[in-house]
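Hi everyone, thanks for coming. I'd like to walk you through one model today, starting with the chains and then moving to a pair of helices.

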Amino acid sequence: MLTTALIFLPIAGAFWVWITPWRSARAASGSALLVALAELALWVGTAFNFDFGATGLQEDATQTWFSDLGVSYRVGLFDFSLWLVGLTIVVTAAAIAYGFWAGRERLGVYLGLLLFLEGATVGVFAAQDLLLFYVFWEAMMIPLYILIGVWGGPGRLGATIKFVIYTLAGSLLMLVAVIAFGLSAGTFDMAKVGESGSVWIFLGFAAAFAVKAPLWPFHGWLPDTYRESPPEVAAILSGVISKAAAYGFLRIALPLLPAPVADWRTPILVLASIGLVYGSLLAFRAPDIRGVIAYSSLAQMNLIVIGLFAVNDSGLAGALLLMVTHGLISTALFLIAGTVERRAATGDLALLGGIARGRPVLATLLITTGVIALAVPGSSAFAGEFLVLNGIFTRGWGWAVVGAVAIVLAAMYMLRLISAVLHRDPGPAVTESALDLRPAEIGVIVPLVAVLLALSLWPAAITDHVFGGRPASSVTSQFEGTP
Amino acid sequence: MLGPGIAAYLILSVVLFTTGALGVLIRRSPLIVLLALEIMLNAGNLALLAFSRQAANGDGQIFALTVMVVAAAEAVVGLGLIVAISRKHVDLDVDKLTTLRG
Amino acid sequence: MIAAAWIALFAPAAAVVAIAVAGNRISRFYAGVVASGATLVSFICSVIALVSLLGEHPDQRVHSSTLWTWLSAGNLEFGATILVDPLSVFMMLVVSGVGFLILAYAIGYMRADVEERRYHAYKALFVFSMLLLVQSGNLLLLLAGWGMVGLSSYLLINFWHDRETAVAAGKKAFVMNAFGDATFVLALFLLVQHMHTLDMRSIFFVSERIPMTVDGVLESRGVTGTVAVLIALGLLGGAVAKSAQIPLHTWLPDAMEGPTPVSALIHAATMVTAGVYLIARTHVLFELAPAIQDLAAILGGITIVLAGLVALVQTDIKRVIAYSTMSQIGYMFVAVGLGAYGAGLFHLLTHAFFKALLFMAAGIVIHALSDEQDIRRMGGLGRSLPFTYRAFIVGALALAAIPPFAGFFSKDSILASLANAGTLGWILWGGAAFGAFLTALYTFRLLFIVFSGAPTPFASEHLHVKRFDGGLAMAWPVAVLAVLSVVGGWLQVPWGWTAVDDWIHPVAESAEEATGVTFTFSLVASSALALLGIYLAWRWYAQGSRFPEQARRRWPRAARALEHKFYFDEVYDGVFYEPAHRAALATARHVEQPLFLGSIGELSRGVRSLSGRLAQVQTGFVRQYAFALAAGVAVVVVVFLFVS
């Protein structure tokens with residue numbers, strides 16, 4: 001029941017915001033923010049109700065949909081999906097608050113779309129039926145197309161077309177895989193379909209997830225899309241939507257298709273390792289803020305995939321920790337990038353610089369987020385990377401060495417970003433009139449950074465509360481305790 | 001069972017359908033095209049009813065009713081379009097309404 | 001005692017939070033008071049821990065406490081654990097004690113800087129990180145502290161962030177340390193694979209008791225041979241990077257871009273000695289890989305000599321001291337590499353005193369001369385800065401290891417251990433003795449150039465002096481350190497007592513020192529060399545001899561090599577930075593652009609032209625469509641009839 005509420009509260013909120021003839025944009029966005037906060041409260045309530053000691057599905061609901069095909073509306077939360085749902089809700093709330101403050105055109109429609117996106121994404125994390133998963137997956141894409149295509153930057157059309165082509169190709173392959181899988185099993189219920197050894201089904205799912213994550217070399221859409229989206233949409237894309245793909249690997253590929261996963265582990269690890277180094281290298285030379293964040297996102301997502309495909313306790317727990325951490329990091333970074341771009345009217349690193357002088361809040365937030373992003377030892381991102389690389393180390397030390405190289409590269413590109421924006425003499429685009437962060441911006445970004453710091457103090461808050469404490473065994477036995 | 005056999009109904013239906021189809025293909029006035037379409041639909045209805053009667057169940061009749069509803073809706077949209085077109089003082093000639101060509 | 005240790009750890013962290021949250025609601029001065037007050041709290045708590053450990057039997061002086069599980073994965077658990085044992089308390093005292101003095105000095109030094117609060121917060125963050133490093137009872141947490149001291153160091157090096165050079169120096173320091181972190185973390189993976197834990201008590205104190213020695217458990221878990229070598233090598237990589245030993249040393253001289261108290265605290269007294277601490281702390285692992293122990297000692301020996309040589313030609317007052325720091329840490333590496341843990345840590349302690357003293361005295365000079373650091377423009381400052389002059393002399397004598405100053409006892413302790421360590425020991429002894437000569441030479445070169453003779457025109461023009469040369473706030477910590485630089489060495493006196501060795505003994509048993517004739521020879525020889533160094537420095541730099549100029553002209557290539565610091569920077573630029581830079585640009589230009597960004601454009605153009613042609617089918621003639629429909633139906637009907 002709670003899960004259903006978590007999915008449909010924002011969707012209902014979206015319709016409410018769309019349909020009501022608001023007197024002012026302020027009223028529309030205020031009510032959207034209200035819905036987002038109510039959703040957050042609902043999630044906190046769910047988390048308090050949640051029994052982290054038990055494995056298996058909780059807060060689940062089942063309703064037959066197409067009985068003769070074995071399709072049902074079946075939703076529920078595992079302990080790890082609860083964290084990802086929480087990430088979605090926190091990030092969306094921040095995005096809506098930021099969008100409210102930044103004042104987009106047709107705010108009601110805009111924020112309604114964000115709410116709809118939130119509901120669909122929660123649905124992806126909660127769906128326990130293959131077809132339902134696909135439905136939410138597609139429902140998640142549609143608002144994104146509109147958000148980027150209508151509210152994006154000057155090059156939004158090209159970016160949207162790329163994004164649509166890539167994601168549609170991936171989704172259609174996934175649809176084929178869903179249908180093949182469900183029909184051959186006689187049911188679409190994830191708990192009942194059993195394991196499949198079909199390589200084609202695996203590749204169909206992998207195509208969708210690899211495009212969305214993105215896994216190298218399926219990232220062609222990423223730089224343009226992240227550059228052209230409004231910052232809060234880019235934040236959701238890299239913070240949450242990419243995690244949905246990683247979640248797909250975790251929930252569908254690993255437990256339901258174990259044989260193909262084992263066969264394809266090496267090729268996927270090779271791609272992910274290339275992506276890790278490749279993304280880090282490109283981030284090191286990207287000419288603008290968003291480029292650095294985009295390519296570092298690519299690198300981090302490939303690292304997460306490496307952790308997942310280690311399929312052992314350390315790798316899985318680390319990947320999940322990294323998913324949540326990176327979600328918050330990239331959200332904070334994109335929003336900060338947005339504030340910088342508002343002040344300087346450009347994200348070009350060559351035109352920026354010297355922002356730290358006289359703008360202590362902006363500088364402190366960017367530095368804090370930046371050093372967590374480069375996984376300085378002691379941060380939650382470091383904790384995640386440590387577990388991921390430790391997990392893959394037992395599969396072969398070579399992978400971990402690649403990861404270690406990426407640690408050095410991460411330091412190089414993140415410090416370059418920090419000093420190009422903050423340090424040295426003020427750049428041509430930075431004027432005296434560009435002020436420090438305003439209270440509204442602080443109110444959006446500080447909570448995100450505070451959560452990151454809290455997680456750095458206690459990363460076990462997540463790793464202790466996922467997979468019932470036994471990641472590998474619960475994944476290989478299809479999330480034990482599932483009825 | 002009284003009355004002519006199924007063949008008679010079907011022959012009539014075919015005649016009507018052909019008439020309608022030729023009307024659609026040959027006439028250039030959208031109004032007539034719409035009329036011809038209605039004839040085609042009703043030819044189909046006739047065939048459905050005939051089969052329904054032969055099979056002695058109501059399925060065909062239900063189909064026919066559905067078709068009527070659709071036909072009515074279609075006529076509303078079609079006539080609406082025609083009125084809108086004529087209001088724009090455009091010739092009512094389907095060969096001249098080619099704005100939607102690729 | 002445990003509570004005291006936790007308070008010691010978290011007091012500086014609380015100061016960071018307080019300063020950050022308070023923002024400009026507290027004055028700049030009070031921000032400094034909060035930071036140094038918190039460090040003083042840490043120091044008091046460390047003393048409490050020391051006293052309570054002293055009350056126990058040496059074999060029982062190990063305690064650990066876990067407040068919460070920091071990270072977990074399945075069966076792996078990494079606790080937020082601190083370890084209170086003689087080694088960690090020793091380091092806590094050094095860090096918080098010297099740290100407090102330097103933070104107090106910084107209140108005076110940084111007065112009137114625009115972003116003073118940020119400075120004090122960073123400084124407190126550093127103290128917290130460093131205490132985390134030395135107190136942690138878990139190698140993962142140690143690595144956390146390890147990384148965070150690097151972070152604080154980065155933040156403080158580029159504190160004056162509108163200086164291009166400071167920003168570059170900060171990045172360089174961080175990236176080189178990240179390299180060390182990477183090898184460190186790889187060693188930890190290997191260790192986890194075999195031991196399934198990183199808890200120090202379970203790894204090093206296998207019987208849960210001290211002494212911490214090799215007792216077969218590590219070997220039985222497979223930590224032998226190559227595995228042991230790789231683990232030790234990874235740890236050594238981290239230690240070498242953090243302690244600025246050759247070959248990962250080039251960041252330290254550049255790090256002098258930071259404010260002087262930063263150089264004193266981080267880049268002299270505490271952080272850079274963390275590598276020494278690491279080796280002492282994990283000596284059990286190093287002892288399983290003797291080859292790596294020797295490697296550590298050899299790297300230390302090379303650093304002693306090379307850094308000492310480079311220091312001879314440097315012209316920046318802080319860079320001279322920085323090279324001296326590298327060279328002195330080389331002594332510590334040699335010592336801990338050959339198992340003389342007590343001697344190495346003893347030198348760490350005395351070095352913290354006299355090197356902090358030298359930096360702070362240099363800081364007063366720099367302040368007095370309106371931020372000038374080039375010694376060629378200084379001269380004759382002895383008369384106008386009498387207090388600083390005397391403090392500097394004390395520091396210089398301690399650094400040059402002249403009895404009875406602190407450096408003498410610790411350096412001789414190291415040399416005596418080397419003299420007892422076989423052939424390699426004697427080779428390194430030679431290097432160390434030559435290093436002692438170089439140390440005296442470059443230290444007194446600096447002293448004479450800066451303080452003796454007549455004031456240069458630049459000095460007399462820019463000099464502005466306050467009471468106690470730079471104000472009382474800066475003077476009193478210098479005075480305390482000057483006293484410590486004299487008496488600090490008396491903890492361990494030849495033919496007398498060995499307090500440091502005894503204290504460390506339960507954790508790390510030190511190798512035997514030479515005794516008798518060998519010891520006397522070692523002591524006399526090194527002291528004689530140091531005195532020779534001072535004499536030559538006096539002849540060449542105080543008396544205005546023309547020998548240095550002549551030497552430069554006679555051996556131009558050697559001089560140039562020294563001035564270019566043996567070309568390490570140039571080589572690293574060419575071998576690492578440039579290739580990474582080029583690879584990144586080439587990837588962006590030749591792979592990403594055409595293959596991933598361009599290809600989709602090509603594809604969409606293709607699709608567009610194809611669909612353009614297809615769209616011509618759409619004529620717009622409704623009757624054509626109807627005909628196509630009818631024809632299609634006809635075809636279908638025919639096909640159906642034909643098939644059935």
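So, how far apart are the nearest C-alpha atoms of chain A and chain B? In this predicted model, they are 21 Å apart, and the two chains do not touch.

Let's turn to the chains that do. There are 2 pairs of chains that touch, and the pair with the most contacts is A and C. On that interface, 53 residues of chain A are in contact with 45 residues of chain C. Several helices of chain A each supply at least two residues to the side that touches chain C, among them H6 (156-185), H10 (258-285) and H12 (313-344). If you want one to look at on screen, pick H15(A), which gives the most to that side, with 10 residues. By class, the residues on chain A's side divide into 34 nonpolar, 11 polar and 8 charged.

Now let's look inside chain C. The crossing of H1(C) past H4(C) is left-handed.

Who meets whom? From H1(C) we have residues including C:Ala5, C:Leu9, C:Pro12 and C:Ile19, and the residues they join in meeting H4(C) include C:His120, C:Leu125, C:Phe128 and C:Gln135. Sorted by class, this helix contact has 16 nonpolar, 2 polar and 1 charged residues.

That's my tour, folks; happy to take questions.

Technical notes:
Residues numbered from 1 in each chain as written. Chains lettered and ligands numbered in written order. Predicted model: local features only at pLDDT ≥ 70, side-chain atom pairs only at ≥ 80, totals over all residues. Left-handed = near helix turned anticlockwise from the far one by under 90°. Helix = DSSP H or I, 4+ residues; strand = E, 2+ residues; numbered from the N terminus. Contact = placed C-beta atoms within 7 Å. Nonpolar A, V, L, I, M, F, W, Y, C, P; charged D, E, K, R; others polar.
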